[in-house]
Amino acid sequence: ECANELRFAASGDSDIDSCQVPENGVLEVPISINADVEVNNHTSVARKRKYKLETIEPGSMNVISAKYESLDYDVCENNLLLEEDRTKGYKFVVKKNLSRWLIFLLIGTLTAFIACIIDIGIEELSEIKFKTLKKYVDRCVEENCLYIPFLIWVVTNIVPVALGSALVAYIEPTAAGSGIPQVKCYLNGVKVPRVVRIKTLFVKVVGVICSVVGGLAVGKVRNLRIFKYFREDHEKRDFVSGGAAAGVAAAFGAPVGGVLFSLEEGASFWNQSLTWRIFFASIVSTFTLNIVLSTYHGHPGELSYAGLLNFGKFDNISYELFELPIFVLMGVIGGLLGSIFNHINYKLTVFRMRNITKKWMSVLEAMIVAAISATLGFLMIYFLNDCKPLGQDPTTNPIQMFCGDGEYNAVAAIWFQTPEASVRSLFHDPPGSHKSRFSWCVFCLLLFAVLLDVWTESLFPSSTWVDPGKYALVGAAAQLGGVVRMTISLTVIMIEATGNITFGLPLMLTLIMAKWIGDFFNEGLYDIHIQLSGVPLLPWEPPPLSYNIYASEIMSHPVFTFNSVEYVGYIVDVLKSETYNGFPGDTGDMKRTFRGIILRSQLIVLIKNKIFNESSDIWNIKQITIKMFRDEYPRYPNIKDVNVTNIERSYTIDLRPFMNPSPYTVQHSASLPRVFRLFRALGLRHLAVVNDTNEVIGIVTRKDLARYRIWRHRGQMGMEELVISEKV
């Protein structure tokens, strides 16, 4: 038998031909039409598939990128793992559980320390910036040289933004954005490249500090992730869940909200023990950050700084029964504005993907936005003469501008402080603090707050139930809910961040209505960006009305299979010619009975360590254990970097001790919903499809399921089949 002979468990054309990129930059990608698969006792014949060409431009939302793979969340129960379990015993189990708790303790602690670095860095740099601006504004108002503080403002915006954007563009592009879509994909089971690297964390931290100091419309809230994890995807994914929850807890001082965020935003696997450990990490993160920031602000032991984004206390906030319809109306408005915002954001993102294609262009774009931010702020301060008596100023750097002696400019007070302090001022300033309705409206729009508080205050100036801060809080929640479409976790986060549990019902009504109205028009902001990235995200439920789609139509085929004892040369040739990450193993006889699945990484490690039958006298001494595979995780070597001599190509490898002998399988007649639920609930990477004689005829992967997507728009819905492309 020739070592290089290609043996298929199914024959036919591949799903996607290689894409050619023409000179105009537009991809021509074939769309596969499901082939009918005839299943016999020993063979499976795939009829030739039909293709049609469709033009795909950057920014298309009906394409799945072939570069994303699933995490190996399912434990490979091979002989090495079983041997480890037999030798370690229950003492090892207890020690491993204690190690998990220790790691979650480290996650919470280190997340809090990184959050403190971000907050203190922003506070100190912003203080230097605004003190300098105040000095030159106060001097130049009298000397008629206001262009000098304007230029200083522009420069102090551009320089940090240029630094942060250059780090992202040239050092680590994965650090771009909030990081929440990437974490959501990771919790869903997608292996997002470079998302949990130390370099990504460093660039993210520096980028957040530079962006906020540079005046960009961003916040300090980022998913702060530090890992000291076990060397396998199963444990690593659980630690990511804890890191996401600890990051939200540190940002808002909301440990329960952090846990619910991690659950609501995509963790496809959850159990009771994981819930306790994640909650523990969130508590540790909040407590540690509280201690550090309280000490930094000169109040050690007071513990009054629970999170980075502190909305302040709403002690006397209350609501009447007749206000509930008003809150529902605010939710409707928030859903409408959120869907409009998401649509505009989608259009701008597509424009940027198609036109801003160079790294220097991304840096220049961020610098221009920073300059525009400074220009708008200066113009508002110059033209809006909203004067208040000194002593009521919400900032440590009051600007007199054109106000009289003993007064300060209220608009400048809002601009000359950190975004967090500005939001807190808008929430808690007493009625009448901002006489200029124009300035109030503009600033509320900039902060995505709602304007109903201004409207109610003007209509009912003497009513006790009219509280601008209350309506600003609900309006901000409605706008945020209309953008991100979160309900439970956002409600709890707002309750914990404001310290008022009695306001839970209005917030929940508002957020539910905002989500319903927003979902009527488009997807949430995070889902839009995930679709633009082509990530094969699996939703919570399978597509409805899809029981007539069978596993034989979903699966990828033909399938490369290996014999239980296989030639090294054949394995090397297949690994070099194909990019598949899992290969079925069979008996090697005429029946081709399915024996298990072995991963690409396992095969490469075996070949690298020369675990050949013909050289057993050498590697038997090494006492092969599962540690050999864990030591290579997560950066497994490339097969092209593994040297195999011509003599070694004729050697054989016994794959049976290393493959998973009991992987999950489905019959070729299984429906799409059944396959979907099994795949998602168990966090699988490969699901073998077998025929009536237990012969593998195909493999179901994440992309095979994700390409069946449900679309909803304006009350209508349907299912579309997406394209899988390697060029996205």
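Buried means under 20% relative accessible area, with exposed over 50% and partly exposed in between (1.4 Å probe, protein chains only). At 3% relative accessibility, C116 therefore counts as buried.

A few notes on this model, which I hope are handy. It is a predicted model, in which local features need pLDDT of at least 70 and side-chain atom pairs count only at pLDDT 80 or more, while totals for chains, interfaces and linings use all residues. Residues are numbered from 1 along each chain as its sequence is written, and side-chain values use heavy atoms, with hydrogens and water left out.

1. Let's start with the helix pair. Helix α2 (residues 90-143) and helix α6 (residues 233-252) have axes that come within 9 Å and cross at roughly 35 degrees. Axes here are lines fitted to C-alpha atoms, for helices over the stretch in contact, and angles run from 0 to 180 degrees between N-to-C directions. Helices (H or I, at least four residues) and strands (E, at least two) are DSSP runs, numbered from the N terminus.

2. On the contact itself (heavy atoms within 4.5 Å), the α2 side includes K96, R100, F104 and T111, and the α6 side includes E235, D238, F239 and A250. By class, the contact of α2 with α6 has seven nonpolar, five polar and four charged residues. For that count, Ala, Val, Leu, Ile, Met, Phe, Trp, Tyr, Cys and Pro are nonpolar, Asp, Glu, Lys and Arg are charged, and the others, Gly among them, are polar.

3. Next, the sheet. Three strands form an open sheet in the order β15-β16-β17, with mixed pairing; two strands pair if DSSP finds at least two bridges between them. β15 (665-667) and β17 (696-700) stand at the edges with a single partner strand each, so one side of each is left without a neighbour in the sheet. The twist from one strand to the next averages 30 degrees.

4. Within that sheet, β16 (residues 687-690) and β17 run antiparallel and are joined by four bridges. V689 has G698 in β17 as its bridge partner.

5. Finally, the structure holds two disulfides, a disulfide being a pair of cysteine sulfur atoms within 2.5 Å. One joins C140 to C145, with S to S 2.4 Å, and both of these cysteines are buried. The torsion about their S-S bond is about -85 degrees, so this disulfide is left-handed.

6. The other disulfide joins C387 to C403, with S to S 2.1 Å. Its torsion about the S-S bond is about -90 degrees, so it is left-handed. C387 is buried at 16% relative accessibility, and C403 is buried at 7%.
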